[in-house]
Structures are given as C-alpha cells and as structure tokens.
Amino acid sequence: MKSLFGSPGKVSGLVLRISQCLFASASLAVMSSASGFSTATSFCFLIAAMGLEVLWSFGLACLDIHALRLKKDLHNHIVLSLLAIGDWVTAILSLAAACSSAGVMVVFMKDTNICSRSHATLSCDTFQISVALAFVAWFLLAVSSYVMFWLLATI
C-alpha cells in the first residue's frame, strides 16, 4: 500500500488535519467576531461550514494521534471509505460557503459600495480575512480528500 503525504495515521496526516482545524477555527472566530455578519446568510453559512470542518478535522487529528501512539494502520477499506466520504462532503460544503461569502463580498465592495458607505455597521475587512482563511482551510481539506481518494483507489 502506498504511503502518501497526508495519509491517515502518519505524522503528515496529523499536521494536515491540525492545519485544517486551525485555519477553519480562525475563519470561524474572525467571522463571528465581526460586526454585522448576520446581514448576509452566506456569512452564517460560512460559520456553520467552518464549524463542521473544525469538528471533522479535530476528530481526525485525534484519530491520527491515537494511531501514531499505538502504531495502528488505518489503511483498510472501511476506514478509508468513511474518511473519503467525510472529507468530500466537508470539502464541498466548505467550498460552497467560501465561494458564496466571497460573492457577497464582491457585491458589497464592488457592485453596491456598501462597505465604503457603512464603515460603522459592517466590518468588511474582517469579512475578507475570514473568507481568505476559509479558502485556505478548504484547500488543505481538498488536499486531504484527494489523498483519501487515491488511497481508496489503491486498495
């Protein structure tokens, strides 16, 4: 069986999951601390999707720690199937949330100039930071879902 970067039960997999968890939680924290985030449904969707990604990535990081401590091999068909499906579902939701939030930011900043008119009520710079962190978290999740796909194909 191949051992790819980000494989479950390996140190690189643990680093990848911890990075996903950190970027998703940073995006969640930044968005939820911004004033006026509830003005757009996509921002609320981003908070929900990043919360799901934090829980998923943290749970799999704990699984990787357990596998590393006990020197367990997580490369069996059932485990990899569950991880691949979970990664793909979480990745699709995270990408949808990040893209919809980025679209709202384009409307706010370029099309309607809401951000330039309402500095006190909307934290547009904070929204942008949160969306950028969400895209980084999605990219890391996309890498791990790609690895899971290839590991599942090699079984």
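## Ground rules

Helix axes here are lines fitted to C-alpha atoms over the stretch in contact, and the angles between them run from 0 to 180 degrees, taken between N-to-C directions. Two packed helices are described by the angle between their axes and the distance between the axes.

This is a predicted model, where local features need pLDDT of at least 70, side-chain atom pairs count only at pLDDT 80 or more, and totals for chains, interfaces and linings use all residues. Residues are numbered from 1 along each chain as its sequence is written, and side-chain values use heavy atoms, with hydrogens and water left out.

## The overall layout

The chain has five helices and zero strands. Helices (H or I, at least four residues) and strands (E, at least two) are DSSP runs, numbered from the N terminus. Read from that end, the order is simply α-α-α-α-α. Along its principal axes, the C-alpha trace spans about 55 × 25 × 20 Å.

## How the helices pack

Start with α1 and helix α5 (residues 124–154): they pack at an angle of about 155°, and their axes are 8 Å apart. That is why α1 and α5 are roughly antiparallel to each other. For that label the angle has to be over 145 degrees, while under 35 counts as roughly parallel, 65 to 115 as roughly perpendicular and the rest as oblique. Their crossing is left-handed, meaning that the near helix is turned anticlockwise from the far one by less than a right angle (clockwise would be right-handed). The contact of α1 with α5 brings together 16 nonpolar, six polar and one charged residues. In this scheme Ala, Val, Leu, Ile, Met, Phe, Trp, Tyr, Cys and Pro are nonpolar, Asp, Glu, Lys and Arg are charged, and the others, Gly among them, are polar.

Next come α3 and α5, with an angle of about 155° and axes 8 Å apart, so α3 is roughly antiparallel to α5. The crossing of α3 and α5 is left-handed, and their contact has 22 nonpolar, eight polar and one charged residues. As for α2 and helix α3 (residues 77–111), their axes come within 9 Å and cross at roughly 150°, which means α2 is roughly antiparallel to α3. The α2 and α3 crossing is left-handed; the contact of α2 with α3 divides into 17 nonpolar, six polar and two charged residues.

## One salt bridge

The count comes to one salt bridge, using a cut-off of a Lys or Arg side-chain nitrogen within 4 Å of an Asp or Glu carboxyl oxygen. The partners are Asp87 and Arg17, with the closest N and O atoms 2.8 Å apart. This pair links distant parts of the chain, since Asp87 sits in helix α3 and Arg17 in helix α1, 70 residues apart.

## One cavity

The structure holds one cavity of 30 Å³ or more. On a 1 Å grid over the protein atoms alone, a cavity is a set of points where a 1.4 Å probe fits but cannot get out, and lining residues have an atom within 4 Å of a point. The largest cavity has a volume of about 50 Å³, a volume being the space filled by probe spheres set on the points, which are joined across faces, edges and corners.

Who lines it? The residues are Gly6, Ser7, Pro8, Gly13, Arg17, Leu60, Leu63, Asp64, Leu83 and Met148. By class, that lining has five nonpolar, three polar and two charged residues. α1 (11–33) and α2 (41–70) each supply at least two residues of the lining, and the largest share, three residues, comes from α2.

Key:
On a 1 Å grid over the protein atoms alone, a cavity is a set of points where a 1.4 Å probe fits but cannot get out, and a pocket is an open set with protein on both sides within 12 Å along at least five of seven lines; lining residues have an atom within 4 Å of a point.
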